[in-house]
Amino acid sequence: MLKPPVLLIHGMWSTPATFDRVRARLEAAGHETHAPCLLFHDRPVSLPPAPGLRQLSVRAYVDQLEAEALKLTAAGSGPPIILGHSMGGLLAQLLAQRIDHAGLVLLSPAAAANAQSFSLDPARTLKNVILKWGWWDEPTLCDEEGARWGIFNGVPEDVTKAEIAALVWDSGHVLAEMALPPLFGNTTRVDYARLNRPALVLVGTEDRITPPGIARATARNLSGTVDYHELPGAPHWLFWGDLEQQLSAMVVEWLAGLN
């Protein structure tokens, strides 16, 4: 039986390299994988941000991802599993309400406008970004202090240094749409009645930038069968060491159960 392809969506300030080792596990299990680079995320931070980045909205990312997903179905691969991490987890939901899909895998998902959960931890993580006037209309980059506290807390130093060095510019407007949805048109609102396919939701108990309350709210809203797990002691960044092995095994096992 042909296994569904997996479309992997990376998070804010990140690149498809997030999924390099996870993709290897998925492909070994027989899944075709596709991990597009979000608009302007292929530009190293040593260069100035791309001029068009400041004008982007969440819809631009979802439009791009819809085109990528349609390429998969046009190639005869069938409806994909949509897997996203962080902002990618929100984009996965926004994409899934537009297209036929076989299921969702949401890793530490960012909050939709209608799946909010109050916590001061994201604000502390992002304080050096959001205290700059006009950040919502400029390219942004998470600073090292915030990244260490809210994204890579508990991650080994060698991994943390490498991942911080690999961060790229992202859209302040997109960040504002996620962080302050009522002020930016509720563009991140998800029609959860459309998300009626099986879903796997995973989050670390020590996630500070997309705390577990967001994942819980998301799981409650999904209208299909939901397999929900909180990973004890895990931070937002799940892609290292034994934690990544555990994550990959859980995803592969869950996918096998869909067949």
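How much space lies in the second largest pocket?

Mentor: The second largest pocket holds about 160 Å³ of space. This is a predicted model, in which local features need pLDDT of at least 70 and side-chain atom pairs pLDDT 80 or more, while totals for chains, interfaces and linings use all residues. Residues are numbered from 1 along each chain as its sequence is written, and side-chain values use heavy atoms, without hydrogens or water.

A pocket is an open set of points on a 1 Å grid over the protein atoms alone, where a 1.4 Å probe fits, with protein on both sides within 12 Å along at least five of seven lines; lining residues have an atom within 4 Å of a point. Points join across faces, edges and corners, and the volume is the space filled by probe spheres set on them.

The lining of the second largest pocket includes W13, S14, T15, A17, T18, D20 and R21. F152, E163, A166, L167 and W237 also line the second largest pocket. By class, this lining has six nonpolar, three polar and three charged residues (Asp, Glu, Lys and Arg are charged; Ala, Val, Leu, Ile, Met, Phe, Trp, Tyr, Cys and Pro nonpolar; the others, Gly among them, polar).

R21 leads on to a pair of helices. R21, V22, R25 and L26 in α1 are in contact (heavy atoms within 4.5 Å) with residues in α9, among them E244, Q245, L247 and S248. A249, V251, V252 and L255 also belong to the α9 side of this contact. The residues of the contact of α1 with α9 comprise seven nonpolar, two polar and three charged. Helices (H or I, at least four residues) and strands (E, at least two) are DSSP runs numbered from the N terminus.

The largest pocket has a volume of about 690 Å³. It is lined by 31 residues, and P122, L126, L175, A179 and I209 are the closest to its centre. Two elements give two or more residues to this lining, α4 (121–130) and α7 (172–179). Of the elements, α4 gives the most, with four residues. The lining of the largest pocket has 22 nonpolar residues, nine polar and no charged.

The phi angle of N186 is near 50°, a positive value in a residue other than glycine. N186 is partly exposed, with a relative accessible area of 35% (buried is under 20%, exposed over 50%, partly exposed in between, with a 1.4 Å probe and protein chains only). P181 is placed in the loop between α7 and β7 as well, but P181 is buried, at 4%. Leaving out residues up to four places away in sequence, P181 touches A113, Q116, A176, N186 and T188. P181 and N153 are 28 residues apart in sequence, and their C-alpha atoms are 27 Å apart.

Finally, S57 sits in the loop between β2 (33–34) and α2 (58–74). S57 is buried, at 18%. Neighbours within four places in sequence aside, S57 is in contact with H173, V174 and E177.
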